[in-house]
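The following exercises concern a single protein chain.

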Amino acid sequence: MFICQKKMKSNMEIKLDRYHINRKIYKIKLKLHKLYLYIFWPFIWLRNYILVKNFPFLEPQCGWGIDMCYLPKGYKYNYEQTWLDCLSSSWRKKFGLAICKELKQAIKQYGLKDYKVCQVKEKFGTLEWYDEGGCDATINVINKYNKISMETCFNCGRPAEYVSTNWITYYCPRCAKRKEKKGIKCVPIKK
Ligand SMILES: [Zn+2]
């Protein structure tokens, strides 16, 4: 009887079930993340404080988040987040500090006092780092890491060899296999 009922489920129903399960998982993850922030806030604060002291451009001054183009008047930065939080954890581990160090060097070398970051995100599977007050040297650094991001698995940071065909993201062979199991088509990267 049970098997019959299971067979009767249409593809649409299976997709809906998956959608509800994923939504539940997402909500649990969100709660766990809030708990993590609640427990570890002194460490997060200290880490961000040190980061911003070393790399002042990591403090968001405009365009923070998706729907906030300008910071409200009287906004006071509280070290809750830095621009590095906009990177995936694997990218952050792989080249988060490296890009900051190289940008700092370029800023120092060319005396770019007004350099500021406007947005950091992933687009078409690669790193997008929008800024103001830069020069050719900072553009070169950003282009270099844009290329590196294309060669780094978005999930785990291993060398990427595959790319998903729908929503473009670069994956290592292991993560690509996992994505294929979830129905996301991946093809080898053309070199
Ligand atoms: Zn991977």
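**Exercise 1: The nonpolar cores**

Task. Which residues of the largest nonpolar core touch the most other members?

Solution. Step one: the largest nonpolar core of this predicted model has 20 residues, and Leu103, Val120, Val141 and Tyr145 touch the most other members. Step two: at least two residues of this core come from each of helix 3, strand 1 (116-123), strand 2 and helix 4. Step three: helix 3 gives the most, namely six residues. Step four: a second, separate core has ten residues, among them Ala160, Tyr162, Tyr170 and Cys172.

**Exercise 2: The contacts of Leu103**

Task. Which residues does Leu103 touch, not counting those up to four places away in sequence?

Solution. Step one: leave out residues up to four places away in sequence; Leu103 then touches Phe57, Thr138 and Val141. Step two: for the chain, consider contacts between residues at least 6 apart in sequence; 46% of these join residues at least 24 apart.

**Exercise 3: The course and burial of helix 3**

Task. Where does helix 3 bend, and which of its residues are buried?

Solution. Step one: helix 3 covers residues 89-110, which is 22 residues. Step two: from its first C-alpha to its last it reaches 30 Å, close to the 32 Å expected at 1.5 Å a residue. Step three: helix 3 bends by about 55 degrees at Phe95. Step four: its buried residues are Trp91, Lys94, Phe95, Gly96, Ile99, Leu103, Ala106 and Ile107. An α-helix has 3.6 residues a turn, so residues three or four places apart point the same way. Step five: the elements covering the buried residues of helix 3 include strand 2 (126-132) and helix 4 (136-150). Step six: after helix 3 comes Gly111, which has a positive phi, near 55 degrees.

**Exercise 4: The open sheet**

Task. What is the order of the strands in the open sheet of three strands?

Solution. Step one: the order is 4-3-5, and the pairing is antiparallel. Step two: strand 4 (170-171) and strand 5 (186-188) are the edge strands, each pairing on one side only. Step three: strand 3 (residues 162-164) is joined to strand 5 by three bridges. Step four: Val163 stands opposite Val187 in strand 5.

**Exercise 5: The chain as a whole**

Task. How many helices and strands does the chain have?

Solution. Step one: there are five helices and five strands. Step two: along the sequence they follow the pattern α-α-α-β-β-α-β-β-α-β. Step three: of the 191 residues in the chain, 21% are buried.

Note on methods:
Residues are numbered from 1 along each chain as its sequence is written. This is a predicted model: local features need pLDDT of at least 70, side-chain atom pairs count only at pLDDT 80 or more; totals for chains, interfaces and linings use all residues. Helices (H or I, at least four residues) and strands (E, at least two) are DSSP runs, numbered from the N terminus. The expected span of a helix is 1.5 Å times one less than its number of residues. The bend at a residue is the angle between axes fitted to the seven residues ending there and the seven starting there. A residue is buried if 20 or more other C-beta atoms lie within 10 Å of its own, exposed if 12 or fewer, and partly exposed in between; C-beta atoms are placed from the backbone. Two residues are in contact if their C-beta atoms, placed from the backbone, lie within 7 Å. Two strands pair if DSSP finds at least two bridges between them. A nonpolar core is a set of buried Ala, Val, Leu, Ile, Met, Phe, Trp, Tyr and Cys residues joined through C-beta atoms within 7 Å.
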